[in-house]
Amino acid sequence: MSLLPEFEYKRPESLEEFHHLLSDYKGDAVILAGGTDVMPRIKMGLKKLNLILDIKALEGLRYIKDKGQNMRIGALTTISEIKKNKLIKDKYPSLHEAAKLTASENLQQRGTIGGNILQDTRCLYYNKPEVWRKSFRPCFKVGGDICNAARGGKKCFAVYCGDLAPALISLGASVRILSKKGEKQMPLKEIFTGDGKSPFSLSSHELVKDIIIPPDKMRGGYEKLRMRKAIDYPVVNIALSMGAGDKGRLVVGSAGATPLIYDFPSHDELSGIPEKAQNDMSPVNNMYLPPLYRKSMVKVLSDKLISRI
Ligand SMILES: Cc1cc2nc3c(=O)[nH]c(=O)nc-3n(C[C@H](O)[C@H](O)[C@H](O)COP(=O)(O)OP(=O)(O)OC[C@H]3O[C@@H](n4cnc5c(N)ncnc54)[C@H](O)[C@@H]3O)c2cc1C
């Protein structure tokens with residue numbers, strides 16, 4: 001069993017205390033929400049750190065607010081709370097279905113929306129304990145110079161396997177980010193860098209405060225391919241959300257380091273997207289189902305989703 005390394009642990013209770021702790025800190029600090037993504041990585045020696053900043057005691061980050069227009073979901077809201085929320089079920093079916101299919105019941109109760117969005121990219125050769133990884137040369141993601149999954153590859157091909165982000169991006173969600181300098185808001189799709197090694201544009205001093213979802217796409221759904229139905233990351237996941245005149249967005253997750261996004265102005269244009277998405281996806285052999293199978297399932301799942309919406 002992998003053991004935790006030594007680190008300092010702090011649990012700030014206010015944003016002021018959080019920013020103060022981070023700005024004064026000289027070593028590597030890691031934000032911890034539910035811990036279900038980051039703790040296994042720390043145990044496997046994938047995340048070096050000196051300090052854990054547990055944000056669960058921060059006030060005012062756990063809410064689902066809707067005053068009839070945009071919905072705001074606080075970063076510490078759990079996946080279980082999202083799944084059970086009646087308004088989300090009625091107003092944002094793609095998000096509701098994605099939450100239902102995320103991991104397992106116990107992980108849904110612990111894992112938060114902020115942590116889910118910012119979960120690290122994954123690879124069969126990377127998400128392994130240190131002793132296992134020692135039989136391979138260090139890959140790009142651990143600071144080396146090769147990709148063990150795609151020999152000869154010139155970059156990291158680790159895959160983003162989050163369930164909620166594709167659904168949120170299909171809904172046109174934005175994210176509010178806090179730092180000592182203040183607050184900024186940006187479309188969720190823009191936090192992805194496209195680089196498997198370093199998948200997000202946020203700095204280690206930035207905190208996701210909440211996610212803002214506009215109200216205009218109330219039809220939609222979510223499909224997910226995974227090995228074990230009781231608990232597993234997606235190996236292909238498709239989110240679809242549509243509004244007036246069937247204008248909408250289809251998003252393909254687990255396709256690479258960043259979700260693939262397809263906007264369509266009407267239902268006529270939607271019908272060509274599954275084939276295009278399948279052609280666009282260039283998977284490598286770094287997940288537990290073969291790349292060609294995953295690629296073919298993009299069209300299968302997209303067609304299935306379109307036919308039931
Ligand atoms: C067995 C198993 C199965 C899983 N299956 C799935 C699955 O099917 N689908 C899926 O999507 N995920 C899955 N996960 C991953 C994980 O459970 C979820 O992504 C979960 O939602 C992560 O949330 P968390 O609060 O636990 O994140 P944490 O582990 O606390 O954090 C994740 C990352 O986000 C950062 N972070 C967290 N909150 C913030 C914030 N507010 N601001 C800035 N940075 C922040 C952390 O520093 C860390 O890097 C699985 C995990 C396990 C162990």
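Which domains does the domain assignment of the protein chain give? It gives domain 1 (1-59) and domain 2 (64-119 + 158-308). The bounds come from an automatic or database domain assignment.

This is a predicted model, in which local features need pLDDT of at least 70 and side-chain atom pairs count only at pLDDT 80 or more, while totals for chains, interfaces and linings use all residues. Residues are numbered from 1 along each chain as its sequence is written, and side-chain values use heavy atoms, with hydrogens and water left out.

## The domain interface

The centres of domain 1 and domain 2 lie 25 Å apart, taken over C-alpha atoms. Contact here means heavy atoms within 4.5 Å. By that rule, 13 residues of domain 1 are in contact with 14 residues of domain 2. About 1,300 Å² is buried between domain 1 and domain 2, and carbon and sulfur atoms give 68% of that area. Buried area is the accessible area (1.4 Å probe) that two parts lose on being put together, summed over both.

Between domain 1 and domain 2 the count is 0 salt bridges. A salt bridge is a side-chain nitrogen of Lys or Arg within 4 Å of a carboxyl oxygen of Asp or Glu. Polar contacts between domain 1 and domain 2 come to 2 residue pairs, both at pLDDT 80 or more. Such a contact is a pair of N or O atoms within 3.5 Å; within protein, one must be able to donate a hydrogen and the other to accept it, and residues adjacent in sequence count only if both atoms are side-chain atoms.

On the side of domain 1 that touches domain 2, helix H1 (residues 15-24) gives the most, with 5 residues. That side divides into 7 nonpolar, 4 polar and 2 charged residues. Ala, Val, Leu, Ile, Met, Phe, Trp, Tyr, Cys and Pro count as nonpolar, Asp, Glu, Lys and Arg as charged, and the others, Gly among them, as polar. Helices (H or I, at least four residues) and strands (E, at least two) are DSSP runs, numbered from the N terminus.

Buried means under 20% relative accessible area, exposed over 50%, and partly exposed in between (1.4 Å probe, protein chains only). In H5, 7 of the 8 residues are buried, so the helix is largely enclosed by the rest of the structure. Among them are Pro 93, Leu 95, His 96 and Glu 97.

Thr 102 sits in the loop between H5 and H6. Thr 102 is buried, at 4% relative accessible area. Its side chain reaches the backbone oxygen of Ala 98 at 2.7 Å. Not counting residues up to four places away in sequence, Thr 102 touches Ile 79, Gln 108, Asn 116, Asp 163, Leu 164 and Lys 224.

Ala 103 is in the loop between helix H5 (93-100) and helix H6 (105-110). Ala 103 is partly exposed, at 21% relative accessibility. Its phi is positive, about 45°, although Ala 103 is not a glycine. Most residues other than glycine have a negative phi.

Ser 254 also has a positive phi, about 60°, and is not a glycine. Ser 254 lies in the loop between strand E11 (248-253) and strand E12 (260-264). Ser 254 is buried, with 1% relative accessible area.

## Salt bridges

The count comes to 25 salt bridges.

| Pair | Closest N to O |
|---|---|
| Arg 11 and Asp 54 | 3.0 Å |
| Lys 141 and Asp 120 | 2.9 Å |

Arg 11 forms a salt bridge with Asp 54. Arg 11 lies in the loop between strand E1 (8-10) and H1, and Asp 54 in strand E3 (residues 51-54), so the pair ties together parts that are 43 residues apart in sequence. Arg 11 is partly exposed at 41% relative accessibility, whereas Asp 54 is buried at 1%.

Lys 141 forms a salt bridge with Asp 120. Lys 141 lies in the loop between H8 and helix H9 (164-170) and Asp 120 in the loop between helix H7 (113-117) and H8, so the pair ties together parts that are 21 residues apart in sequence. Lys 141 is buried at 10% relative accessibility, and Asp 120 is buried at 10%.

Glu 183 is partly exposed, at 47% relative accessible area, while Arg 176 is buried at 12% relative accessibility. Salt bridges that share partners join Asp 37, Arg 41, Asp 120 and Lys 141 into one network.
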